[in-house]
Amino acid sequence: MPDNSTYLRERLGRLGIETRREDEIVRELGEHLEDHAAALEARGVTSGAAAREALDSVSDWPGLRHEIVSAETEETIMNYRTKVLWLPALCAITLSNGIVALMQIFGRPPDSYWLSASGKSMQVLSAFIVPWLISQSVVGAIAAHWSRRAGGTVRYQLLAALSPAIVLLGLFLLVIPSSILLHKQALHNIRLSAFMIVTLTWVLLPALPLLIGAAPFLRKPQAQS
Amino acid sequence: MLGIDTRIKRGSGELAILALLDREPLHGYEISKRIAQQTGGVLQFNLASLYPLLYRMEKRGWVKGKWEEAKSGRQRRYYHLTRNGKKQLAPLREEWGMFFQALHRIAGVTHAG
């Protein structure tokens with residue numbers, strides 16, 4: 001059978017995708033046509049007729065081109081991980097931070113918890129907003145449900161639900177220590193105990209309602225259509 | 001919007017391909033041949049219907065194509081089932097089972113086999 005690639009390129013035209021991928025598709029379709037023709041020849045069809053019949057098996061080349069381009073570009077724009085993790089996580093992070101910002105804008109004072117240091121003076125142990133912590137259960141539920149509906153596995157559902165806490169953990173673990181190292185004067189202001197308390201307050205405490213909210217949705221993914 | 005026949009064919013094709021690749025990696029032509037053989041010709045995928053489906057599944061991370069040498073000595077693009085693909089197989093089986101049960105209840109449609 002003659003080389004199919006020239007014929008396929010004529011029929012399909014430029015796909016408008018990455019050249020290497022386009023070459024690969026043309027090569028793969030060419031191999032398929034070659035197999036098809038070989039199977040026909042094995043059934044007694046002459047070589048020329050087999051080649052023609054294989055090529056004629058596609059009646060709608062513009063339709064095939066459209067389907068291939070659609071398949072190649074649809075998921076490039078939004079791949080699996082984007083759908084099941086990044087989008088629900090982005091939604092959860094935006095919601096979580098949006099709610100806390102709104103509460104601060106509208107004057108909700110943080111709930112402060114005090115600690116007596118060596119029985120003499122009172123120091124702030126931590127300050128957080130209880131209604132915001134409660135709202136995190138809804139955020140966790142939305143993220144987990146979204147991820148599951150998009151076909152995410154339980155791991156992705158969990159990661160999406162916990163993303164607001166994970167982002168803050170990353171912030172505390174990376175940004176604060178590196179800023180301490182870069183700006184040595186910060187050592188006087190940020191103590192390890194304070195760092196641990198802030199991490200507990202803004203990461204571990206919100207993680208709990210996020211997890212509680214997500215729990216009913218942490219199941220096998222719904223298959224995508 | 002896709003027509004119901006297109007969606008059914010695509011959905012059944014996805015399940016058939018995942019189930020086949022769960023057994024062993026196959027190249028495109030072999031996939032179409034096995035689907036036709038194992039469904040008694042009821043399901044048939046030609047070049048035009050098979051490859052867009054395979055490319056969509058690959059983009060979703062359900063299958064992964066790799067150029068490998070076939071028994072004939074030719075390089076062929078073999079599709080391997082990925083972990084994500086394996087995870088899709090069970091819910092797809094479940095959905096199609098429910099689909100046929102629903103059809104059976106309403107129209108008396110039963111499995112042929």
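So, chain B: in this predicted model, chain B has four helices and three strands. Walk from the N terminus and the elements go α-β-α-α-β-β-α. Out of 113 residues in chain B, 28% count as buried. As for contacts with a separation of 6 or more in chain B, 47% of them are between residues 24 or more positions apart.

Let's look at the strands. You've got three of them in an open sheet, in the order S1-S3-S2 of chain B, with antiparallel pairing.

Take the pairings one at a time. Strand S1 of chain B, residues 26-27, pairs with S3(B) over two bridges, in the antiparallel sense. If you want to find that on screen, go to B:Leu26, whose bridge partner in S3(B) is B:Tyr79.

S2(B) and S3(B) make a hairpin, with five residues between the two strands. Have a look at B:Gly73 in that turn, with its positive phi of about 95°.

The largest one has 30 residues, and the ones with the most contacts inside it are B:Leu21, B:Tyr51, B:Leu54, B:Val63 and B:Tyr79. Which elements give two or more residues to this core? From chain A you have H2, helix H3 (47-56) and helix H4 (61-77), and from chain B you have H1, H2, H3 and S3. H3(B) gives the largest share, six residues.

Leaving out residues up to four places away in sequence, B:Leu21 touches B:Leu26, B:Val63, B:Tyr79, B:His80, B:Leu81 and B:Gly85. There's also a second, separate core, of 22 residues, and that one includes A:Leu85, A:Ala141, A:Tyr156 and A:Ala214.

Next, where the two chains meet. Chain B puts 23 residues into the contact and chain A puts in 25. On the chain B side, the elements giving two or more residues are helix H1 (4-23), helix H2 (28-38), helix H3 (47-59), strand S3 (75-81) and helix H4 (83-107). By class, that side of chain B has nine nonpolar, six polar and eight charged residues.

Over to chain A. Chain A has nine helices and two strands, and along the sequence the pattern reads α-α-α-α-α-β-β-α-α-α-α. Chain A has 225 residues, of which 27% count as buried. Among its contacts with a separation of 6 or more, residues 24 or more positions apart account for 69%.

How do helices H1 and H2 of chain A cross? The axes of H1, residues 5-12, and H2, residues 19-42, come within 9 Å and cross at roughly 115°. The crossing of H1(A) past H2(A) is right-handed. H1(A) makes the contact with A:Ser5, A:Leu8 and A:Arg9, while H2(A) uses A:Val26, A:Arg27, A:Leu29 and A:Gly30. By class, the contact residues split into three nonpolar, two polar and two charged.

Last stop, A:Pro216. You'll find A:Pro216 in the segment after helix H9 (192-214) of chain A. Is A:Pro216 buried or exposed? A:Pro216 is exposed, because it has 10 other C-beta atoms within 10 Å, and the cut-off for exposed is 12 or fewer. Look across to A:Ala141, too: the C-alpha atoms of A:Pro216 and A:Ala141 are separated by 7.8 Å, with the two residues 75 residues apart along the chain. And A:Ala141, remember, is one of the residues in that second core.

Definitions and conventions
Residues are numbered from 1 along each chain as its sequence is written. Chains are lettered from A and ligands numbered from 1 in the order in which they are written. This is a predicted model: local features need pLDDT of at least 70, side-chain atom pairs count only at pLDDT 80 or more; totals for chains, interfaces and linings use all residues. Axes are lines fitted to C-alpha atoms, for helices over the stretch in contact, and angles run from 0 to 180 degrees between N-to-C directions. A crossing is left-handed if the near helix is turned anticlockwise from the far one by less than a right angle, and right-handed if clockwise. Two residues are in contact if their C-beta atoms, placed from the backbone, lie within 7 Å. Ala, Val, Leu, Ile, Met, Phe, Trp, Tyr, Cys and Pro count as nonpolar, Asp, Glu, Lys and Arg as charged, and the others, Gly among them, as polar. A residue is buried if 20 or more other C-beta atoms lie within 10 Å of its own, exposed if 12 or fewer, and partly exposed in between; C-beta atoms are placed from the backbone. A nonpolar core is a set of buried Ala, Val, Leu, Ile, Met, Phe, Trp, Tyr and Cys residues joined through C-beta atoms within 7 Å. Two strands pair if DSSP finds at least two bridges between them.
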